[in-house]
Amino acid sequence: MPSLPDVGPPSEYVMQKRGLMLAILILQTTTCILRMVVVLDIIGAFIMAIGIAFGWYSYKDGCNVTFLCYWGMMSLFNGAFDLVRFIDHAVKSEIPIFSSKEPILYNMVSAILLLSPLSALAGALLAWKMYGSYMETASGSLGGGGTYGSTHASSYGRSRSRLYSGSAATNADDSGGFQAFSGRGQQLGDA
C-alpha cells in the first residue's frame, strides 16, 4: 500500500458516512466493554480497544485518512480472528448458540461473541469504502494519478530511471543540480 497522501478535506461521500461511522464506533465500543466485563476476554478486548481508538481519533479529527486506514486494518484483523473464534465456539458447543433453555448470561455471551466480528468487519468495510473515496479525491486533485501521479512521485521515478540508465550526468539541470556519483572516489589508505 502506498504512503497515505494528505488529500485535504474529506470528500462528500466521507462526510455523508460520518453518521454511519459514529454508529459503528458506538457499537464497537459497547461490544468491547461487554467483551471485557461479561465475557472476561481481557486481551481480546484490549486489542479491539486499540483499533477502536484509531477510529475515534479519525472521527474526532474530521475523518483523518491515516487513522481511518489504521482503524480499518485493525477492524479487519480483529473481525477475522473473532469470526474464526465464533465459528470455533459454534462448532464445538454441544448447546445451540442461542437457547431459551439456557440462562440469559449464556445468550448474552453468544450475542457478544457474534457482535464482535460483525461490528469489526462492518468497520473494516466502511473504512475501505471511505479510503477509496479519499483516493478518488486525491487522484482528481493531483492530476489523475493519485500519489503516483503527483509531482514528487513523478520526479522521484524520473531520477531513479536516470540513475539506472546511466544518463544522470546529462540530466543534472532538471534535478536541482544534483549529480549522482560525480567527483573523484576515495579509497582506503588514501590520505
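**Exercise 1.** State which helices each supply at least two residues of the lining of the second largest cavity.

*Solution.* The model is predicted: local features need pLDDT of at least 70, side-chain atom pairs count only at pLDDT 80 or more, and totals for chains, interfaces and linings use all residues. Residues are numbered from 1 along each chain as its sequence is written, and side-chain values use heavy atoms, with hydrogens and water left out.

Step 1. A cavity is a set of points on a 1 Å grid over the protein atoms alone where a 1.4 Å probe fits but cannot get out, and lining residues have an atom within 4 Å of a point. Helices are DSSP runs (H or I, at least four residues), numbered from the N terminus.

Step 2. List the lining: Arg-35, Asp-82, Arg-85, Phe-86, Leu-113 and Ser-116.

**Exercise 2.** Sort the lining of the second largest cavity into nonpolar, polar and charged residues.

*Solution.* Ala, Val, Leu, Ile, Met, Phe, Trp, Tyr, Cys and Pro count as nonpolar, Asp, Glu, Lys and Arg as charged, and the others, Gly among them, as polar.

**Exercise 3.** Describe the lining of the largest cavity.

*Solution.* Step 1. The lining consists of Gln-28, Met-48, Gly-51, Ile-52, Met-74, Ser-75, Asn-78 and Ala-120.

Step 1. Helix H3 (42–60) and helix H4 (65–92) are the elements that give two or more residues to this lining.

Step 2. By class, four residues are nonpolar, four are polar and none is charged.

Terms used. 1 Å grid on protein atoms, 1.4 Å probe; cavity = no way out; pocket = protein on both sides within 12 Å on 5 of 7 lines; lining within 4 Å.
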